[in-house]
Amino acid sequence: MENDFSKPQRQSAAGIIIMAGYSIQQVVRALIIPFIVFAVKAERAHLLYFFAGAGVLVLLTLIYSYFNYLKFTFFLDDKKQEFIINKGVFNKTLLTIPLEKIQQVNINQSLLQKIIGVYSLQIDTAGGADKEVSIKAINEASAYILKEHLLNGKKAEGTPSLDEELPKLNTEIPFLSISPATLLKVGLTSNYGSSVALLIGFAYALFHNTKEILRAFDTDNGQVEAAIEKGFTIASIGFLVIAVIFILLIINIIRTFVKYYDFKISKHKHSLLISTGLLTKKNTLLSPNKVQITTYSQNYFQRKFNMLNLSLKQADSGNPKDPKDLEKSNLSIPGCSPAEKDEILKMILGNIPNHAKTFAPNFRFINLPIIFSAILPVGIYIGLWLNIPEVKPFYPLAIAYFVISIIMIYFSYKRHRLMVNQEFIIKKSGIWDVSFEHIFPHKIQAITTFQYPWHKNVDVGHVNLHTAAGVIHFKYGSYTEIKNLVNYWLYQVESSDEDWM
Amino acid sequence: MQEFTNETIDLENLPKYQDVVLTAPNPKYWNVIVINLSIILLLVGGGLATLFYLVDDEKPNPLYLLAGYLLFSALLFTIHRLSFKKRGYALREKDIIYKHGLIAETTTIIPIHRIQHVALDEGITSRSYGLATLQIFTAGGQTGHIHIAGIEVEKAKIIKEALVKRLDLLENLTAEQ
């Protein structure tokens, strides 16, 4: 393939297969259950038609993919600094992406792509536009050069040709790579939340699909529910809890390995090149000035292992409910040592923040949580205790809940801190995972301050700093100090001409 | 720490957002609120009344219901009136300030060169009073936006023009550099 992107060009010819592969995958995914049901229920004679139909479907997909391939062209308009994509068989689409709006370019390789030997290139744009742009089949060298062009815009005009570019790609020495041993530790110590969600999702899917198949055979008489109920009565709760924790840890470790196997970060001109993944290799090129919030966090176990999690948040497309989007704009680096953390912070932030003034919240911080999370539930329990004799034996649980919630609230209060110096704003928070969020004042989009009337006399107030990657809250601070800080930040934002991305 | 305490002296002399004199929304906007609220209350009241006559079960005294409804309406109007009184906005050279909120007195400040776009919204009731809502959007998500209701259309247009122009100006400046 040529490496002059200024003329319209097609994808690598292997793209036909890739596109057909994806389309077939989608069709299969959508129709698998009806297919199975049909195959089971239909008579022998009809099965022939069934397979003929499936064959026609595959053929149509191939033809469609071929036209799709023909109609998909892309080029780089150097003068206007735009990347232009033409696509669509029936509906023609012309996509124009100004280079300055591109915030991240990913080069990925799925299993199918690995077999054929091509890569996909995916362009993430900032702000509102949720049009996701991707080129499904492109060879490695072109992918990297195009990526460089897209991210550096004008600066890349004088980039050397392919011959000079390639050796550089190969000789990059990663300044951070994570070993399997570290990944094991990461798997044991973090991200429980998402694994729990996964487990619940999996259990639900299992339950649902088993029922679906049984229904297909007209034999669903509630066996699944009965089996579960029986399982609960046989297995003691304690055994179940241990089993769940065990499964959870296993899932966590597997997930960590799949996602972060062979995790490497290297410096690539002005950007960071992050590559990771066991089954599918994911390469992300990230320019440090597009990072909005830099966070590192550590829990008790991680502190014992002397490691931290780091996450780099970029501008999201303004749709916080989309977890896929959140994941895309949120890059995390699991299990780095304090020295490596400092190294990355230095790359992203310019230097390591020090000498900051710390602001602590007023003790009123704990009032509402104590009332709503500790006193109210226990109060309800006491109410029940007085009226329903059956709940009486559970009082140790209520006491334990009360004590634990008070301790958690106390820690959340102790760890709620805001650190400020001329260059940075750092927010510390967390109960179990203690995190430090770093932002530059010039990444602030808007500031909100508020105060409740009953806090006027005690000079307590709150401030929210809105950034393109989320809000930083500081609650129950001294309102006079907050107002001074806000004036200072406004001065910093409004007097500098630094761009937020 | 040394460096920061140096800055604190400067802090005292910085322009203070909390001392800016705010412009209240046009008093006529109160009429708009009253009309909108009345329409909603009438609809809700009508719906409840039909429901009341359709359901055949034992009925409580309709007078009590009416009293409750009126009390609720009065409360709603009071809350809106009080919150209306709290609203104010100001356009500074480099940012825009909007204060609102009955219980939590909230002040939002958006630096002008962080504005993504500005919209002018005229509802039916507002338009008949010559008023408009100015909506200012940032990249900071839902909570970082400002909606200032009850500005005279002419004035709103001027503010919008001023904001947009300064946006252009800033962009040109950075483009030239």
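This is a predicted model: local features need pLDDT of at least 70, side-chain atom pairs count only at pLDDT 80 or more; totals for chains, interfaces and linings use all residues.
## Chain B: overall make-up

Chain B has five helices and six strands. Read from the N terminus, its elements follow the order α-α-α-β-β-β-β-α-β-β-α. The chain has 177 residues, of which 21% are buried. Among contacts in chain B with a separation of 6 or more, 53% are between residues 24 or more positions apart.

## Chain B: annotated transmembrane regions

An unreviewed UniProt entry lists residues 32-55 and 61-79 of chain B under "transmembrane region". In the model, residues 32-55 of chain B are 96% helix and 0% strand, and the C-alpha atoms at the ends of this span are 35 Å apart. Residues 61-79 of chain B are 95% helix and 0% strand, with 28 Å between the end C-alpha atoms.

Strand 5 (residues 131-138) of chain B is joined to strand 6 of chain B by five bridges, and the two run antiparallel. Within this pairing, B:Leu134 of chain B is opposite B:Ile148 in strand 6.

## Contact between chains A and B

The contact between the chains takes 31 residues from chain B and 31 residues from chain A. On the chain B side, helix 1 (2-13) and strand 3 (105-111) each supply at least two residues. Strand 3 of chain B gives the largest share of that side, seven residues. Sorted by class, the side of chain B that touches chain A has 12 nonpolar, 12 polar and seven charged residues.

Strand 3 of chain B also pairs with a strand of the other chain: five bridges join it to strand 19 (residues 444-451) of chain A, and the two strands run antiparallel. A:Thr449 has B:Thr107, in strand 3 of chain B, as its bridge partner.

## Chain A: annotated transmembrane regions

For chain A, the unreviewed UniProt entry lists residues 12-40, 46-67, 186-207, 232-254, 365-388 and 394-413 under "transmembrane region". Two of these spans are described here. Residues 46-67 of chain A are 100% helix and 0% strand, and their end C-alpha atoms lie 32 Å apart. Residues 186-207 of chain A are 91% helix and 0% strand, with the end C-alpha atoms 30 Å apart.

## Chain A: packing of helices 13 and 14

Helix 13 (residues 367-387) and helix 14 (residues 395-414) of chain A pack at an angle of about 170°, and their axes are 9 Å apart. An angle over 145 degrees counts as roughly antiparallel, so helix 13 and helix 14 of chain A are roughly antiparallel to each other.

Helix 13 of chain A makes this contact through A:Pro369, A:Ile370, A:Ser373, A:Ala374, A:Val378, A:Tyr381 and A:Trp385. From helix 14 of chain A come A:Tyr395, A:Ala398, A:Tyr401, A:Phe402, A:Ser405, A:Ile406 and A:Ile409. By class, the contact has 12 nonpolar, two polar and no charged residues.

## Chain A: strands 5, 10 and 11

Strand 11 (residues 281-286) of chain A pairs with strand 5 of chain A in the antiparallel sense over five bridges. In that pairing, A:Asn108 has A:Lys282 of strand 11 as its bridge partner. Strand 11 of chain A also pairs with strand 10 (residues 271-276) of chain A, again antiparallel and over five bridges. Here A:Leu273 stands opposite A:Leu285 in strand 11. Strands 10 and 11 of chain A form a hairpin with four residues between the strands, and A:Gly277 in this hairpin takes a positive phi near 125°.

## Chain A: the position of Glu100

A:Glu100 is placed in the loop between strand 4 (93-98) and strand 5 (102-109) of chain A. A:Glu100 has 14 other C-beta atoms within 10 Å and is therefore partly exposed. Between A:Glu100 and A:Pro396 there are 296 residues of separation in sequence and 60 Å in space, C-alpha to C-alpha.

Conventions. Residues are numbered from 1 along each chain as its sequence is written. Chains are lettered from A and ligands numbered from 1 in the order in which they are written. Axes are lines fitted to C-alpha atoms, for helices over the stretch in contact, and angles run from 0 to 180 degrees between N-to-C directions. Angles under 35 degrees count as roughly parallel, over 145 as roughly antiparallel, 65 to 115 as roughly perpendicular and the rest as oblique. Two residues are in contact if their C-beta atoms, placed from the backbone, lie within 7 Å. Ala, Val, Leu, Ile, Met, Phe, Trp, Tyr, Cys and Pro count as nonpolar, Asp, Glu, Lys and Arg as charged, and the others, Gly among them, as polar. A residue is buried if 20 or more other C-beta atoms lie within 10 Å of its own, exposed if 12 or fewer, and partly exposed in between; C-beta atoms are placed from the backbone. UniProt positions are given in the numbering used here, feature names are shortened, and annotations may be inferred rather than shown by experiment. Two strands pair if DSSP finds at least two bridges between them.
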